[in-house]
Amino acid sequence: MNVRALVIDDSRAMRRIVSSILEGLGYEVQQAGHGREGLDVLETGWVPELVCVDWNMPVMDGLQFVSAVRTNPAWRSMTIMMVTSESEHTQIVRALAAGAHEYVIKPFTADAIRDKLALLGLLPQEVAL
Amino acid sequence: MTLTATGFDWVRALVHKESAIVLQPGKEYLVEARLLPIARQLGLSDVGEFVDSVRTRPSADHTRRIVEALTTNETSWFRDGDPFSALSSTVLPSLLAKRNAGERLQIWSAACSSGQEPYTIAMLLEDALPNAASRVSITATDLSREMVERTRAGRFSQLEVNRGLPAPMLIRHFTRVGSEWEVSPALRRMVTAGECNLAAPLPRMGPFDVVYLRNVLIYFDLPTKRSILSNVRTLMRPDGWLFLGAAETTLGVDDSWERVVIGRTSAYRPLKGA
């Protein structure tokens with residue numbers, strides 16, 4: 001089974017790092033530079049299993065993106081993981097309350113992403129079962 | 001000066017004597033990688049110089065640090081998930097049904113490293129049982145004094161909490177202290193940490209209802225594995241549960257255990273009359 005991920009970050013380097021980790025795990029990846037661009041991708045009907053989204057971005061930030069996604073029932077099945085340098089306790093609480101499932105704090109290792117996907121049942125070999 | 005063959009053999013013999021762990025030939029790179037930070041801390045240029053200095057002028061502190069550096073391992077929260085889901089789904093309900101209300105369950109994390117395993121267990125119990133701290137005690141042991149101290153401190157770096165700890169559990173059970181995260185007092189009350197060399201005669205502990213002895217046996221030779229399993233069994237209750245690492249088994253090592261499949265993992269239970 002093909003697993004897809006949308007990676008949203010205003011840093012091109014960070015998008016490349018996260019995308020390459022996911023592609024290494026067998027994901028098909030699309031990228032967006034901020035939340036609004038991310039919504040544009042979803043509105044084309046390409047609905048991935050996983051979205052990795054940064055918090056601080058121009059135009060539309062990650063928290064606004066999560067809130068917007070959660071208002072659309074068609075996107076309910078998507079798992080959202082925030083990947084951000086925001087590391088305060090209250091920010092993690094806010095992100096989860098808005099509808100994010102997981103939270104990875106930058107800096108991170110490839111293993112950290114892999115561990116989180118395993119927790120979410122989203123390692124491709126598990127998705128395929 | 002890089003690590004000489006004599007230096008490597010000396011380290012191998014030391015580690016085997018102190019921990020019974022076997023460093024196979026070809027593991028020179030591991031010795032180099034693990035001992036380099038200590039050599040640098042001491043102002044020495046490389047591992048060869050460090051090993052030679054300890055070899056010619058042995059110091060209890062330096063030999064302990066060498067053994068610790070070569071016997072501690074990377075760890076993460078909910079490592080290999082299944083042995084923890086088995087605790088919640090099967091083991092805990094079974095034990096609670098058998099034990100009296102006032103009886104405290106005893107769990108042993110036998111190679112606790114920096115504390116992720118015992119605190120993972122504590123979080124699961126805290127979420128599953130009202131007043132968990134008064135109903136369960138978790139004994140966390142490790143060969144390394146440094147790891148025991150880290151477990152006692154219950155503080156973890158940002159990188160460490162990223163490794164497999166679900167975000168909802170992070171916000172429920174931890175607080176930020178500076179750049180680190182500290183486990184809650186309720187979890188720390190459940191966990192008692194101490195040093196323990198599994199290859200030596202074990203201290204008086206238990207009797208344990210559940211033992212997590214994961215990713216430890218792989219480092220030992222067969223007679224030592226057999227002896228550890230036998231010693232662990234004497235510290236367990238007859239209806240207790242033992243969890244080993246995914247690559248480990250009692251089969252062909254010690255036949256006094258029954259393997260029980262729980263979901264995608266296995267637990268081992270003392271065979272009656274064995």
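Two strands pair if DSSP finds at least two bridges between them. Helices (H or I, at least four residues) and strands (E, at least two) are themselves DSSP runs, numbered from the N terminus.

## About the model

This is a predicted model, in which local features need pLDDT of at least 70 and side-chain atom pairs count only at pLDDT 80 or more, while totals for chains, interfaces and linings use all residues. Residues are numbered from 1 along each chain as its sequence is written, and chains are lettered from A, with ligands numbered from 1, in the order in which they are written.

## The sheet of chain A

Let us start with chain A, where 5 strands make an open sheet in the order β2-β1-β3-β4-β5, paired in parallel. The edges are β2 (27-32) and β5 of chain A, each of which pairs on one side only. Ignoring direction, neighbouring strands of this sheet are turned against each other by 20 degrees on average; such angles run from 0 to 180 degrees between N-to-C directions, and the axes are lines fitted to C-alpha atoms, for helices over the stretch in contact.

Which residue of β2(A) is the bridge partner of A:Ile8? The partner is A:Ala32. Strand β1 (residues 3-8) of chain A runs parallel to β2(A), and 6 bridges join them.

## Helices of chain A

Helix α1 (residues 12-24) of chain A lies across β1, β2, β3 (50-53) and β4 (79-84) of chain A, and runs at about 165 degrees to β2(A).

Another pair to look at is helix α3 (residues 62-70) of chain A with α4(A), packed at an angle of about 20 degrees with axes 9 Å apart. α3(A) is therefore roughly parallel to α4(A); the classes are roughly parallel for angles under 35 degrees, roughly antiparallel over 145, roughly perpendicular from 65 to 115, and oblique for the rest. From α3(A), the contact takes A:Leu63, A:Val66, A:Ser67 and A:Arg70, and from α4(A) it takes A:Arg94, A:Ala95 and A:Ala98 (two residues are in contact if their C-beta atoms, placed from the backbone, lie within 7 Å). These residues divide into 4 nonpolar, 1 polar and 2 charged. Here Ala, Val, Leu, Ile, Met, Phe, Trp, Tyr, Cys and Pro count as nonpolar, Asp, Glu, Lys and Arg as charged, and the others, Gly among them, as polar.

## Where the chains meet

The contact takes 17 residues from chain A and 15 from chain B. On the chain A side, the elements giving two or more residues are α4 (89-98), β5 (102-105) and α5 (110-119) of chain A. The largest share of that side, 5 residues, belongs to α5(A). By class, the chain A side has 10 nonpolar, 3 polar and 4 charged residues.

## Domains of chain B

Chain B is assigned domain 1 (5-71) and domain 2 (82-270), with bounds that come from an automatic or database domain assignment. The C-alpha centres of the two domains of chain B lie 29 Å apart. Contacts link 6 residues of domain 1 of chain B to 9 residues of domain 2 of chain B. The domain 1 side is made up of 3 nonpolar, 2 polar and 1 charged.

## Helix packing in chain B

Helix α1 (residues 5-19) of chain B packs on helix α3 (residues 47-56) of chain B at an angle of about 60 degrees, their axes being 10 Å apart. That angle makes α1(B) oblique to α3(B). B:Gly7, B:Trp10 and B:Val11 of α1(B) make the contact with B:Gly48, B:Val51, B:Asp52 and B:Arg55 of α3(B). The class count is 3 nonpolar, 2 polar and 2 charged residues.

Helix α2 (residues 28-41) of chain B also meets α3(B): the axes come within 9 Å and cross at roughly 75 degrees. This makes α2(B) roughly perpendicular to α3(B). In α2(B), the residues are B:Val31, B:Glu32, B:Leu35, B:Leu36, B:Ile38 and B:Ala39, which meet B:Val47, B:Glu49 and B:Phe50 in α3(B). This contact has 7 nonpolar, no polar and 2 charged residues.

## Strands of chain B

An open sheet of 3 strands in chain B has the order β3-β5-β4 with antiparallel pairing. Its edge strands are β3 (155-156) and β4 (174-177) of chain B. β3(B) is joined to strand β5 (residues 180-183) of chain B by 2 bridges, and B:Arg155 stands opposite B:Glu182 in β5(B).

Finally, strand β9 (residues 257-262) of chain B pairs antiparallel with strand β10 (residues 265-270) of chain B over 6 bridges. One bridge pairs B:Arg259 with B:Tyr268 in β10(B). The two strands β9(B) and β10(B) form a hairpin with 2 residues between them, and B:Gly263 in the turn has a positive phi of about 60 degrees.
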